[in-house]
Amino acid sequence: IENPEDLLKKFDKSNIIVEEKLDGWKLQVIKIDEVHIYSRRGEEKTENFPKIAEALKFLPNNTLIEGELVYFEKGKQDVGKVTSIAGISAENAKKKMEELGGKFKIFFYDILVLKGKNVADKPFSERRKLLESIIKKSETINITKTYSFDEWEKAMKIAVDNGGEGIVLKLKDKPYEYKSLGQAEPKPKD
């Protein structure tokens, strides 16, 4: 879409949050006694990214969060490096990670379960506050940056300049919506 304004004429812009769309690998992190990292298809990949799992041990038990694992080299994102490590054996992943010169960073953007309680039915704005309350930011761990709708052009420029894919628009008052892979977002009704 060239201009989000055209698409969003039916929405209250003050109810829209803009996030940078990173060019990485979508994952879910679940902590049930230990940290487990899963691909968007439900494949466990914890052994491929042991340092990231170790860095996430601070998470409360019985918690499920979603994020994007991004590889940065010379300030730019490179999804190919992430998928090449995620798609191989844990032993080969460890070797490949040692060969790479960049850094892996994870950016969380949503929380579905907190301390055993399903929070997916809460509005995005509430889930975001819960996520911010548990994430301990570091060189490796972060939360996606958000902007008001009026800042969408700024957010788009920053995302693209950093090698990202663009922006994502989210409704503050919307609960989490579970979707199948490839399912399109429903269109607003008149």
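**View 1. Aromatic pairs in the predicted model.** Four aromatic pairs are counted here, where rings of Phe, Tyr and Trp (its six-membered ring) pair if their centres lie within 6.5 Å. Planes under 30 degrees apart count as stacked, over 60 as edge-to-face and the rest as tilted. This is a predicted model: local features need pLDDT of at least 70, side-chain atom pairs count only at pLDDT 80 or more, and totals for chains, interfaces and linings use all residues. Residues are numbered from 1 along each chain as its sequence is written, and side-chain values use heavy atoms, with hydrogens and water left out.

**View 2. Trp25 and Phe49.** This pair is tilted, with 5.7 Å centre to centre and 40 degrees between the planes. Trp25 lies in strand β2 (residues 25-32) and Phe49 in the loop between β3 (34-39) and α2 (50-55), so the pair ties together parts 24 residues apart in sequence. Helices (H or I, at least four residues) and strands (E, at least two) are DSSP runs, numbered from the N terminus. Trp25 and Phe49 are both buried (under 20% relative accessible area, 1.4 Å probe, protein chains only).

**View 3. Phe49 and Phe104.** The ring centres of Phe49 and Phe104 are 6.0 Å apart and their planes lie at 65 degrees, so the pair is edge-to-face. Phe104 belongs to strand β6 (residues 103-114) and Phe49 to the loop between β3 and α2, so the pair ties together parts 55 residues apart in sequence. Phe104 is buried, as is Phe49. Trp25, Phe49, Tyr71 and Phe104 form one aromatic cluster.

**View 4. Charges over rings.** Lys105 lies over the face of Phe72, 5.3 Å from the ring centre. The charged end of Lys145 sits over the ring of Tyr147, 5.0 Å from its centre. A charge sits over a ring if NZ of Lys or CZ of Arg is within 6 Å of the ring centre and within 35 degrees of the ring normal.

Notes:
Buried < 20%, exposed > 50% of the residue type's maximum accessible area, 1.4 Å probe, protein only.
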